[in-house]
Each structure stands twice: as C-alpha cells, then as structure tokens.
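Please read this note with the structure open beside you, and look up each residue as it is named.

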Amino acid sequence: MARMGRPWRDHKPPPAGPVWAVIQAHNSYWMLVAAIELGIFDVLEEKGRLGADALAAHLQVSTTHLQHLLDSLVTLGFLEQLHEKYELTETAERYLCSNGAASMAALVRVSPAPLENWINLADTIRTGQVAAPVEDDIAGFYVPLVKATFPTQHHAASRLGLRLGWQRRPALRVLDLGAGCAPWAIAALEQSPGSSAVVNDFKEVIALAEAGIEERGLSSRVEYRPGNFHQIPFESETYDLVVLGHICRTEGPQLVPGLIARAVDALRPGGQLLVADYFADNERRLNAFAVQMGMTMLANTAHGCILTHEQMHNWLTACELEAIRMLEPIGFNMVYVASKK
C-alpha cells in the first residue's frame with residue numbers, strides 16, 4: 001500500500017526535479033567526457049568561434065550529432081552560442097582546454113574512479129567491502145590520476161606557499177608523503193631558495209614525480225623514497241615541513257591517526273604539518289562536495305570515507321600540535337596547517 005504522507009504536509013506532491021537532476025548529472029558527465037575526448041575545447045581554443053559545420057569538419061564527426069552535444073554544453077555553461085556559432089566560456093578556457101591555466105581536462109576522465117565500482121555500490125554497502133579497490137591497480141588508476149591532478153594541486157600548493165611565506169624561508173627541509181607527481185614538494189622547492197625534499201610514493205608512481213622534478217631542474221635537491229608511507233623509514237625531528245596532500249581520505253579513521261603521528265615525529269620542533277584534503281562539515285550535510293568526495297572514497301578504496309573538520313582537528317590536537325588553522329588556497333581545497341611545539 002502506498003504511503004499517504006505525513007498528515008501535516010501539503011497535499012500537493014513534491015517536485016520530481018531533484019530525482020531528474022541526479023539522473024541528468026550522470027548524462028552531463030558523459031557529455032563532458034565526450035567533448036574532451038573529441039577535442040572540442042582545444043579546437044575552439046585554437047580556432048575561435050565556429051559553427052557546427054566547420055567544427056565538425058575539423059573533428060571529422062557527424063554535424064547533426066555534434067550540434068546536439070554543443071547545445072548541451074551551452075546549457076552546462078561550458079560554451080556560448082551566438083548566431084549559430086560556438087565559443088568557449090571562461091570556465092572552459094581555464095579548466096577544460098588541455099593547455100588551460102589550471103587544466104582539469106585529464107582529471108575529468110579519471111576522477112570518478114572505475115565505473116564498475118559505482119555500478120556495484122549497493123553490494124559494497126551490503127558487504128562493507130569494495131570488490132575492486134583502486135589500491136590494487138596502482139599503474140592503471142593511480143598513475144593517470146596523479147598526472148591529472150598535478151595542475152590543480154600545484155596551483156593550490158603554490159598559493160598556500162605564498163600565504164605561509166616559503167619564499168622568505170631559505171633551506172626548508174621537506175617531507176612529501178604519498179606525493180604523486182609531487183606538486184607540494186615542487187612548489188616548496190620553487191619558492192624556498194636552497195630547500196630540499198624527500199619525496200615518497202609507490203614505485204610505480206614515483207617515476208612520474210622524478211620526471212616532473214627533473215623537467216623543472218630541481219633534481220639535485222630531491223631524494224626519492226619509494227614505498228608505503230605507513231611503513232617507510234624516515235628521520236625523527238628533521239623536517240621543517242611534512243605534507244599529507246590529499247591522502248588522508250583514502251586511509252580512513254583507522255589509519256589516519258597513526259599516519260599523522262608518524263608525520264609529527266618527523267617534524268623538528270617548530271616545524272609545520274600540512275594536511276590537504278576535502279573536509280566535510282561536522283554534521284556531514286552542508287558541504288556537498290566534501291561529503292560526496294568521501295562517498296567516492298568509500299565506493300572505490302579499501303579504507304577511505306568522509307572526513308570531517310572535527311575528526312581532523314581532534315587528531316591534530318591529540319598529537320599536541322599548536323597554531324592549528326585551516327586555509328583554503330583555492331576553491332574546495334582545504335589545508336590544515338599546524339606547528340609542532
């Protein structure tokens with residue numbers, strides 16, 4: 001028997017809009033993936049305003065099908081259309097062109113994690129286990145992911161470094177754990193004269209960091225330590241800066257406290273710990289981006305989940321860190337900064 005609703009509610013049925021919004025969000029994502037894979041944004045960035053016929057000729061695709069996609073991209077805010085010609089919005093120019101100032105073009109395809117894990121989300125929730133956690137596919141998942149996230153994270157790290165005055169602190173000793181392509185270590189080395197860094201990640205990933213660091217002429221100032229950041233040895237009370245850059249949400253509350261304790265042990269007195277991540281509000285209902293990013297972790301990793309500000313603050317204070325504050329160098333990217341007594 002159908003529910004009649006609560007007696008104090010209006011008899012008018014609620015709108016179906018929220019349901020359709022979720023359904024269409026899936027469709028919108030694949031529209032964006034197709035646009036990037038076809039090269040729509042890069043061609044418009046190079047050629048300027050084009051009609052569907054001219055753009056289809058450049059891309060060698062069906063004009064009719066392309067125009068449907070272009071019109072959809074207009075509704076999503078990625079293109080503008082005037083007199084049947086299409087051009088990039090500022091958002092697309094900055095984030096969706098492959099050479100954009102803060103390009104996310106590569107990130108779009110890999111960020112949601114494997115589709116199969118989402119299809120099997122109900123089973124994951126039933127069993128409490130992910131059938132195919134991404135940790136089991138370092139080369140196939142993490143390598144593309146860390147390459148794709150580098151531009152955004154390097155931008156965030158550079159902005160944070162300016163806030164913290166790295167350029168005025170020569171010879172910083174930096175430890176970057178789970179570094180990926182090492183955007184945080186690179187930003188510190190670029191801003192702090194005479195600084196040096198120890199860069200850690202899995203051996204399949206660390207080669208990417210090595211290549212990027214060599215490209216920037218920073219190799220002589222970097223030591224590489226491949227391995228699991230829960231296990232690799234590093235020196236106590238040695239580092240001015242220890243970075244946990246977007247790794248805590250993959251580890252969950254079972255593993256994060258121990259990781260923070262290891263990081264704090266590596267800091268010299270007065271050194272700073274940086275914990276960058278997407279933190280949810282304490283009631284997990286106001287910051288939709290962070291809550292849903294936590295759901296992505298739960299659906300795709302062995303231990304990951306939503307992390308709240310309260311949890312992180314409690315873990316930092318448990319390690320007797322001081323001067324704890326949260327900064328947001330770029331949108332959605334939150335960084336806790338705390339000092340060792």
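Predicted model: local features only at pLDDT ≥ 70, side-chain atom pairs only at ≥ 80, totals over all residues.

1. Residues are numbered from 1 along each chain as its sequence is written, and side-chain values use heavy atoms, with hydrogens and water left out.

2. The protein chain has 14 helices and ten strands, where helices (H or I, at least four residues) and strands (E, at least two) are DSSP runs numbered from the N terminus. Taken along the principal axes, its C-alpha atoms fill a box of roughly 60 × 60 × 35 Å. Of the 341 residues in the chain, 46% are buried; buried means under 20% relative accessible area, exposed means over 50%, and partly exposed lies in between, with a 1.4 Å probe and protein chains only. Among contacts with a separation of 6 or more, 66% join residues 24 or more positions apart, a contact being heavy atoms within 4.5 Å.

3. Helix H1 (residues 17-38) has 22 residues and spans 31 Å from its first C-alpha to its last, close to the 32 Å expected at 1.5 Å a residue; the expected span is 1.5 Å times one less than the number of residues. Leu 32, Val 33 and Ala 35 of H1 are buried, and what covers the buried residues of H1 includes helix H2 (40-47), H4 and helix H6 (105-110). Tyr 29 also belongs to H1, but it is partly exposed, with a relative accessible area of 21%. Leaving aside neighbours within four places in sequence, Tyr 29 is in contact with Val 108, Arg 109 and Pro 112. After H1 comes Gly 39, whose phi is positive, near 90°.

4. How do helices H3 and H4 meet, and at what angle do their axes cross? The axes of H3 (residues 52-59) and H4 (residues 63-75) come within 9 Å and cross at roughly 110°, which makes H3 roughly perpendicular to H4. Axes are lines fitted to C-alpha atoms, for helices over the stretch in contact, and angles run from 0 to 180 degrees between N-to-C directions; under 35 degrees counts as roughly parallel, over 145 as roughly antiparallel, 65 to 115 as roughly perpendicular and the rest as oblique. The contact is made by Ala 52, Asp 53, Leu 55, Ala 56 and Leu 59 of H3, together with Thr 63, Leu 66, Gln 67 and Leu 70 of H4. By class, this contact has six nonpolar, two polar and one charged residues, where Ala, Val, Leu, Ile, Met, Phe, Trp, Tyr, Cys and Pro count as nonpolar, Asp, Glu, Lys and Arg as charged, and the others, Gly among them, as polar.

5. The loop between H3 and H4 holds Gln 60 and Val 61. Most residues other than glycine have a negative phi, yet Gln 60, which is not a glycine, has a positive phi of about 60°. Gln 60 is exposed, at a relative accessible area of 74%, whereas Val 61 is partly exposed at 28%. Beyond its neighbours within four places in sequence, Val 61 is in contact with Leu 38, Ala 56 and Leu 66.

6. Cys 248, Pro 253, Val 256, Pro 257 and Ile 260 of H12 make the contact with Gln 311, Met 312, Trp 315 and Leu 316 of H14. The classes here are eight nonpolar, one polar and no charged residues.

7. His 309 is in helix H14 (residues 309-318). Although His 309 and Asp 281 are 28 residues apart in sequence, their C-alpha atoms are 6.1 Å apart in space. Not counting residues up to four places away in sequence, His 309 touches Phe 279, Ala 280, Asp 281, Asn 282, Met 326, Met 334 and Tyr 336.

8. Finally, Arg 284 lies in the loop between strand S8 (267-277) and helix H13 (288-300). Its phi is near 55°, a positive value in a residue other than glycine, and at 47% relative accessibility Arg 284 counts as partly exposed.
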